Amino acid sequence: MSTPSIRPSSQATGVTRDRDDACPGALRLHTADDGALARIRIPGGVLQVGQAVELGRAAFELGDGDLHLTSRGNVQLRGLPTGCGGELASRLEAAGLLPSWRHERVRNVVASPLSGLDGRGHADVRPWLRALDELLCASEAAARLSGRFLFALDDGRGDVAGLDPDVTLRAAPDGAVWLRVGVADSVAVLTADDAPRAALLAAEVFLEASAGQVWRVAELPLPVDELAHEVVRRLGAGHASPAWPPVSGPSPSPGVVTGPDGTTSLSVLAPLGRLTAAQWTALTATASDELRLTPWRGVILPTVRSDRLPGLDSVGLITAPDSPWLGVGACIGRPGCAKSRADIRSDAAASLTAGGGLPAYWSGCERRCGRPRGDHVDVVAAPNGGYLISVVEAGRVRATTTTDHPSRLAADLAAARTHDL
């Protein structure tokens, strides 16, 4: 590889990293109040049915029985006993979910979940996904990435490009691919064949520029446009362009998804991102070949008959766009987390109103674990009881109110979601 023209940075603007990245994984378990927690990376959210069945067995036989979906389309197993790490790793490896033990925490890749199914994107990103994951697992440098570093593979609709990725590949209408690093103004214009290699190069260039001092591209003090230019130089292909289209694609709505050839797929959401054993069993039994977990805590079942949707509704999955659960998310809260000030999941369930409006995310404390990007209503348990409800738009708090009485919580939340706060 050529001598790098990106000079390492010795400090990051406003960021101090005086400890190692403690992000949990499948091999590095996190201790919580309800037992150990494992976070299993599922690149692009794609699970073969056999893999999904084995993952469900691990949750039932080792953990609390539920599968918890994350905002990156990954899976968390909770309630694991101390000392089960070896058995869990063996199960995951046998299922093909641990292709590289050294890289298991850095396989953070989100992908447009409806790519190739509904005819809306400019390209099918699944070939990029397979190629990028293989390149990541084969790269010695990539093993040094933080467990928080994120790749996004967007088929052109603009859905996962809006999830604050560190490296984005986005399909262009003319068959080209745009590579963006962080929130750079300029992009690299590449061929589809070069795209996966370019994404890995962008991560490796980031590692050189960060000198191990920061975890995310946004923490670099240097202009991130330079990183995309360096990728083009090392790749020996492509060119830089100032164009980056606006991010506007919606997340998949629950229900039946019809493709241009008439085939149907099913889109469902998990209430508060938690799938019970019965729900997971219903999903794996309904799926044809694979399941696609989405960054919005949902599941896509490709090429499944539309008449199978009622069976998923019967086990409590969200299958209709008018469900009151639509857009409602939460961290784990009490009793799973000692830092949480309230049983926020019970409070969220008790405060459901008619669906619609801004998404609402409930947090047990100011850490706001797992909260979404973009406009939303921020519901945080207050230190002295009650909740602080804020409307967040364009990254700024537009309005805030404190609700101390449970009888007012549902009304105040509904007002915030419909911009009447």
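The following conversation discusses a predicted model.

Q: Before the details, what should I know about this predicted model?
A: In this predicted model, local features need pLDDT of at least 70 and side-chain atom pairs count only at pLDDT 80 or more, while totals for chains, interfaces and linings use all residues. Residues are numbered from 1 along each chain as its sequence is written, and side-chain values use heavy atoms, with hydrogens and water left out.

Q: How many aromatic pairs are there?
A: Rings of Phe, Tyr and Trp (its six-membered ring) pair if their centres lie within 6.5 Å; planes under 30 degrees apart count as stacked, over 60 as edge-to-face and the rest as tilted. By this rule there are 3 aromatic pairs. One of them joins Phe149 and Phe151, which are edge-to-face at 5.3 Å centre to centre, with 65° between the planes.

Q: Are Phe149 and Phe151 buried or exposed?
A: Phe149 and Phe151 are both buried. Buried means under 20% relative accessible area, exposed over 50%, and partly exposed in between (1.4 Å probe, protein chains only).

Q: And how are the rings of Trp362 and Tyr387 arranged?
A: Their centres are 5.1 Å apart and their planes stand at 80°, so the pair of Trp362 and Tyr387 is edge-to-face. This pair links distant parts of the chain, 25 residues apart: Trp362 is in strand E18 (residues 360-363) and Tyr387 in strand E20 (residues 387-393). Helices (H or I, at least four residues) and strands (E, at least two) are DSSP runs, numbered from the N terminus. Trp362 and Tyr387 are also buried.

Q: Which residues form an aromatic cluster?
A: Phe149, Phe151 and Phe206 form one aromatic cluster.

Q: Changing topic: which residues touch the most other members of the largest nonpolar core?
A: They are Leu145, Phe151, Leu153 and Phe206, in a core of 43 residues. A nonpolar core is a set of buried Ala, Val, Leu, Ile, Met, Phe, Trp, Tyr and Cys residues joined through side-chain atoms within 4.5 Å.

Q: Which elements give residues to this core?
A: Elements giving two or more residues include helix H3 (126-138), strand E7 (151-154) and helix H4 (195-210). H4 gives the most to this core, with 11 residues.

Q: What does Leu153 touch?
A: Leaving out residues up to four places away in sequence, the contacts of Leu153 include Val109, Trp128, Leu132 and Leu169. Contact means heavy atoms within 4.5 Å.

Q: Now the sheets: in what order do the strands E17 to E21 stand?
A: The 5 strands form an open sheet in the order E17-E18-E19-E20-E21, with mixed pairing. Two strands pair if DSSP finds at least two bridges between them. Strands of a sheet pair through backbone hydrogen bonds, either parallel or antiparallel.

Q: Which strands stand at the edges?
A: Strand E17 (328-330) and strand E21 (396-403) do; each has a single partner strand, so one side of each is left without a neighbour in the sheet.

Q: How many bridges join E18 to E19?
A: E18 and strand E19 (residues 376-381) run parallel and are joined by 4 bridges. Ala360 has Val377 in E19 as its bridge partner.

Q: Which helix lies across this sheet's strands?
A: Helix H9 (residues 406-417) lies across E17, E18, E19, E20 and E21, and runs at about 10° to E20. Axes are lines fitted to C-alpha atoms, for helices over the stretch in contact, and angles run from 0 to 180 degrees between N-to-C directions.

Q: One more residue: where does Leu301 lie?
A: Leu301 lies in strand E16 (residues 298-301). At 0% relative accessibility, Leu301 counts as buried. Both faces of E16 are covered, with Gly298 and Ile300 on one side and Val299 and Leu301 on the other, all buried.

Q: What pairs with E16?
A: Strand E13 (residues 264-269) pairs with E16 in the antiparallel sense over 4 bridges, and Leu266 has Leu301 as its bridge partner. Strand E15 (residues 290-293) is also antiparallel to E16, joined by 2 bridges. In the hairpin of E15 and E16, there are 4 residues between the strands, and Arg297 takes a positive phi near 60°.
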